[in-house]
Amino acid sequence: MRLRESEKEGLKYLVDSTIQLIVMMILTGMIYGYVKNAFARKYTRFILICIGTGLAGSVVMAVMKTATNKIDTGMWNLWFYFISGGAFILFLIFTLAGKFVKKIASLLPCICLGIIVIIQMVYALADYLVYPHTMMLTEDSVISTTFITKLTGMLLGTILVLVAGIAVYKGSLYLKQGEITALLIAAALVNGFKQVATAFSVLLARRIIPSNHTLFVLAKFATNNTDLFIYILLGISLLIAVILLIRRARADEPYSNPAERRKIKFRWILIKRWSVTIIVCSVLAVIIMTAIDALANQEIELSPVEEAVVQDGNVYVSFEQVSDGHLHRFGYETEKGTVIRFIVIKKPNSSAYGIGLDACDICGETGYYEKNGQVVCNLCDVVMNINTIGFKGGCNPIVIDYSIENGHIVVPIDGLLEYEDEFNR
């Protein structure tokens with residue numbers, strides 16, 4: 001099936017929105033359902049406050065990401081991982097201790113879960129809320145076909161994950177306390193493993209911790225198998241539906257009068273509806289992440305590496321090669337045969353140049369390409385502000401050392417070799 005470019009863009013935003021939000025919605029739905037189930041609605045208002053705080057925090061974060069270059073996404077994510085992981089560990093401790101200390105059994109675990117809700121929402125929604133800004137950067141008008149198609153894809157993905165989250169929450173209410181506790185812990189462990197592995201990826205890339213092969217393999221696995229963790233979480237949410245449907249099939253509740261019978265029947269109808277909704281949403285999410293993703297994403301061929309002079313331990317790029325305002329890609333081949341790429345682009349209305357690796361701390365060495373005068377990340381489709389290329393933060397290219405000498409950009413080879421592992425992933 002051949003799709004028009006605008007249709008592909010709309011499907012991409014459908015896929016991206018689903019992937020970006022589905023984990024957050026499943027966890028939030030399970031947490032809210034767990035609190036309402038386990039504590040008889042005692043702390044549900046507190047979780048709702050945490051949801052509101054998460055929404056507000058994500059808006060602030062999104063604005064800072066689009067309006068400033070002060071957000072170093074990699075380091076912010078590290079803090080998110082540490083806080084969320086710490087809160088989950090405390091939740092386990094307090095839940096276990098709660099069997100012996102009644103007050104701890106309710107208050108402290110809920111506080112930990114509330115913190116997890118806030119962190120997960122800011123982590124997921126901040127990037128999601130940047131999508132409209134990204135759309136406007138790449139489109140001339142908000143009434144263009146492509147913009148409307150992108151926005152439609154984004155909204156459809158949002159509706160799907162919102163319904164999935166509500167269905168998980170509703171289904172959790174009908175589970176036994178031990179069942180929802182076990183499923184919530186399993187979901188949090190899966191998500192926690194992914195975050196720990198991703199944290200190691202950032203720590204290794206930033207040279208915060210020394211190079212370690214085992215940690216590198218772990219980080220690489222997490223980076224290359226992001227969808228796998230989502231599938232596992234979808235499987236855990238499906239268990240809610242499976243448990244409820246099995247219980248419904250075996251249900252034979254006694255009743256003393258017709259009114260009570262109707263009440264029992266209505267409850268099982270609701271259970272079936274929410275269970276089926278979980279199944280449908282999970283299947284649709286898998287289809288979107290596989291078939292729709294394959295349909296929407298055509299391989300974008302990066303422009304070839306251009307020739308540059310290599311001598312005296314440096315790579316020399318003349319101004320004449322890069323003065324046209326377009327993206328240019330250069331590289332140095334190491335003794336191991338690895339090509340370490342870097343990009344150069346002249347900044348608009350300026351004599352300065354944006355220079356950095358053809359890779360970033362977040363998306364790795366997937367590279368950048370030029371589209372409609374914009375520099376775009378090949379993996380996540382984030383549009384770079386050309387004026388900020390050469391600065392740290394966000395999905396910007398990794399900053400490298402260089403100097404200007406006699407009409408040339410001079411990039412030390414030693415500085416490039418520091419990132420050889422980045423191009424071996």
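The axes of helix α7 (residues 177-205) and helix α9 come within 9 Å and cross at roughly 175°, and α7 and α9 are therefore roughly antiparallel to each other. This is a predicted model, in which local features need pLDDT of at least 70 and side-chain atom pairs count only at pLDDT 80 or more, while totals for chains, interfaces and linings use all residues. Residues are numbered from 1 along each chain as its sequence is written, and side-chain values use heavy atoms, with hydrogens and water left out.

**Helix packing**

- Helices are DSSP runs of H or I with at least four residues, strands are runs of E with at least two, and both are numbered from the N terminus.
- Axes are lines fitted to C-alpha atoms, for helices over the stretch in contact, and the angles run from 0 to 180 degrees between N-to-C directions.
- Angles under 35 degrees count as roughly parallel, those over 145 as roughly antiparallel, those from 65 to 115 as roughly perpendicular, and the rest as oblique.
- Helix α8 (residues 213-224) packs against helix α9 (residues 226-250) at an angle of about 70°, with the axes 4 Å apart, which makes α8 roughly perpendicular to α9.
- Contact means heavy atoms within 4.5 Å, and in this sense Phe221, Ala222, Thr223 and Asn224 in α8 meet Thr226, Leu228 and Phe229 in α9.

**Salt bridges**

- The structure holds six salt bridges, each defined as a side-chain nitrogen of Lys or Arg within 4 Å of a carboxyl oxygen of Asp or Glu.
- In one of them, the side chains of Glu179 and Arg247 meet at 2.4 Å, N to O; Glu179 lies in helix α7 and Arg247 in helix α9, so the pair ties together parts that are 68 residues apart in sequence.
- Arg247 has 24% relative accessibility and counts as partly exposed, a class that lies between buried (under 20% relative accessible area) and exposed (over 50%), using a 1.4 Å probe and protein chains only.
- Asp358 meets Arg329 in a salt bridge of 2.8 Å, N to O; Arg329 lies in strand β3 (residues 328-333) and Asp358 in the loop between β5 (353-357) and β6 (368-371), so the pair ties together parts that are 29 residues apart in sequence.
- Arg329 is buried, with a relative accessible area of 2%, and Asp358 is buried as well, at 0%.
- Asp358 also meets Arg341 in a salt bridge of 2.7 Å, N to O, and salt bridges that share partners join Arg329, Arg341, Asp358 and Glu365 into one network.
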